[in-house]
Amino acid sequence: MSKDKELQKFRNIGIAAHIDAGKTTVTERILFYTGVTHKMGEVHEGETVMDWMEQERERGITITSAATKCMWKGHSINIIDTPGHVDFTIEVGRSLRVLDGMVGVFCGVAGVQPQSETVWRQARRYKVPRIIFVNKLDRTGADFLRVVNDINQKLHVNAVPAQMQVGLSDDFNGIIDLLTRKMATFSTADKGVTITWSDVPAEYVEQMEKLRTQLIEKACDFDDAMAERYLNGEELELPEIKAALRKGVLSQEIAIAFCGTAFKNKGVQLLLDAVNDYLPSPLDVPPVIGKVPGTNEEQERKADVDEPLAALVFKIMTDPFVGVLTFIRVYSGEIKAGSYVYNANTGTKERVSRLVKMYANKREEIDSIKAGDIAAAVGIKDAITGHTLCSETHPILLESIDVPAPVIDSSIEPKNKGDYEKMVIALRKMMQEDPSFRFSYNQETGQTVISGMGELHLEIIVDRLKREHKVEVVQGTLQVAYKETIQKPVESEGKYIKQSGGRGQYGHVWIKLEPLERGKGFVFEDDIVGGSIPKEFIPGVQKGIEEALNSGVLGGFPVVDLKVSLYEGSYHDVDSSEMAFKIAGSMAFKSGMAQASPTLLEPIMKVEVETPDEYMGDVMGDLNSRRGRILGMDDRSGTQVINAEVPLGEMLGYATSLRSMTKGRASYSMEFEAYREVPKHIEAAVVQKK
């Protein structure tokens, strides 16, 4: 088989959804039907293959994205199972970065939920073609076509059904394939392995024909010659309709929707057929583009073994048996076990001692990994998520992976003082695995501080310290990651002059501080003309200001969203040094910030609460009391969905109070929205507490 033919049979797909939409169960069924596992694992029984960490099994959620390989009808499919909980968004984002296609799983009852919106947005950003699987159609209130409609309205997607469900909730017993006009039923005796195709029941024919016409008309949008023949009343062939629909999916203009219930073993094999039929191979996606290190020169790499190597590290995992596993997507070229690769980010060479294909947490050694494939390497020491591995003679730097800034902190210390070193090593390992987790040592308080994306994120970190690394720790109270900024432009002077016999110190600067819009970070501009400060001292000024940014004048919080321009100053021929200008820059910044109307910023979370009708008033009243802003309400099959924006500081411990307020019947999800100004009376309280 030619290498192109071989690559056409490759699929690198992700399965992504809101928490609890059932995507891990979907993946488990895929592994069962493709022969990777011989027993079905259930999330609620804690037996799944993809969720192999203890915490994942206990909580019934996926925390790490596990990579698994399987075969279906001659196609090699790499599946990345991604988490649905918002605290683990980084896992979803980094998986999408290396995938060619995605299956968006939606709950047949709840439809579009907040995290499914986030994942969809990320997929759109990374230009990942998608198909849809509406799951849980055996549940009361589930309705496939209603969910497809919901997806179209809320996600602004051109979703088009390729199937129809037969029977509602408990009576859901078959799936109609619109293109073949046949109905599939699934044998309960062998867990759905045997599929029987039969004629469509008479009462469904009219609706089937209507939906089939819509589907074919959509296909005609992507093939003019076929559209002309269809308008002339000619019968179209099945392969050409599929080819046209595939074009639409690859160009991301449509997303084809399929249905089923993974838990009851219906529809998963048909979804696998759809993955083969409609999702891209590595040859269908544009060549990856990167830059030559140290320049702005762009280069592209095609999915071809004969091209120079370009690969991206998208996940690091510590394995108790083999040590650090580095997950790699190879875009071009080939990596052989035992060979050396060049890390374009660090400028160092690394030896790949072994290569393994992962079957969830089981592994199989392989000799090489070629363009278009995903595998894990053993032996790479210094690579972290987002690093590019390439050929030293043809270096390339691929676009890195976006890592969101943590929004919540907590102090942490070992119960046994002798375990401090052990704790730091464990935290360092976890930070390498999960870039959205950080830890630091606070010099002033002498505390180790861990930072993450939410309460659950930090809870899992502490849990893993105890279980995996056997370090018992005491966690302090959760602290919101406030930031500081300025509201008006000011000019400020910093002068550092020290005469102490012998050589003195002299640094003198004038800087201008200006506020920037939210999310812009920090910008430094060198506006010195005429050499009033020599070039070699300017990096010192910048360094002094950047260090001062770590601790603002209000409560010592990091300073963001401002521009500093260095425009004037003076120097001394003998006494000036980079250190003197660094101190002068820091002094100018501190005094300027104090005059620039400093203000505190807090993380605002987008919150969605799903509650039975009778508790709606209580839930809304409670959100208002937490300084929440109600954005809207929605009726979702008998329950009320409240959308709001609430400051994170007011949401700590919310899970417990929501449970007691609604007798455990309501649920909520939240994700980071933006940093906004804190009201003055709250600011005073926060600063005082600090």
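Strands here are DSSP runs of E, at least two residues long, numbered from the N terminus. The model is predicted. Strand β9 covers residues 182-186, and Met183 is found in it.

Is Met183 buried or exposed? Its relative accessible area is 9%. Buried means under 20%, so Met183 is buried. Trp197 lies 14 residues from Met183 in sequence, with a C-alpha to C-alpha distance of 5.5 Å.

## Nonpolar cores

The largest nonpolar core holds 54 residues. Met102, Phe106, Trp120, Ile132, Ile151, Leu325 and Phe327 touch the most other members. Helix α6 (residues 144-155) supplies the largest share of this core, five residues.

A second core is separate and has 50 residues. Ile79, Phe133, Leu178 and Met226 are among them.

Four strands make an open, mixed sheet in the order β30-β31-β33-β32. β30 (490-498) and β32 (522-526) are the edge strands. Each has a single partner strand, so one side of each lacks a neighbour in the sheet. Direction ignored, neighbouring strands are turned by 25° against each other on average. β30 pairs with β31 (residues 505-515) in the antiparallel sense, over nine bridges. In this sheet, Ser492 stands opposite Ile511 of β31.

Helix α13 (residues 538-548) packs on the sheet and touches β31, β32 and β33 (562-570). Its direction makes about 155° with that of β32. Helix α14 (residues 578-595) lies across β30, β31 and β33. This helix runs at about 35° to β31.

Key. Residues numbered from 1 in each chain as written. Predicted model: local features only at pLDDT ≥ 70, side-chain atom pairs only at ≥ 80, totals over all residues. Heavy atoms only, no water. Core = buried A, V, L, I, M, F, W, Y, C linked by side-chain atoms within 4.5 Å. Buried < 20%, exposed > 50% of the residue type's maximum accessible area, 1.4 Å probe, protein only. Pairing = 2+ DSSP bridges. Axes fitted to C-alpha atoms, helices over the stretch in contact; angles between N-to-C directions. Contact = heavy atoms within 4.5 Å.
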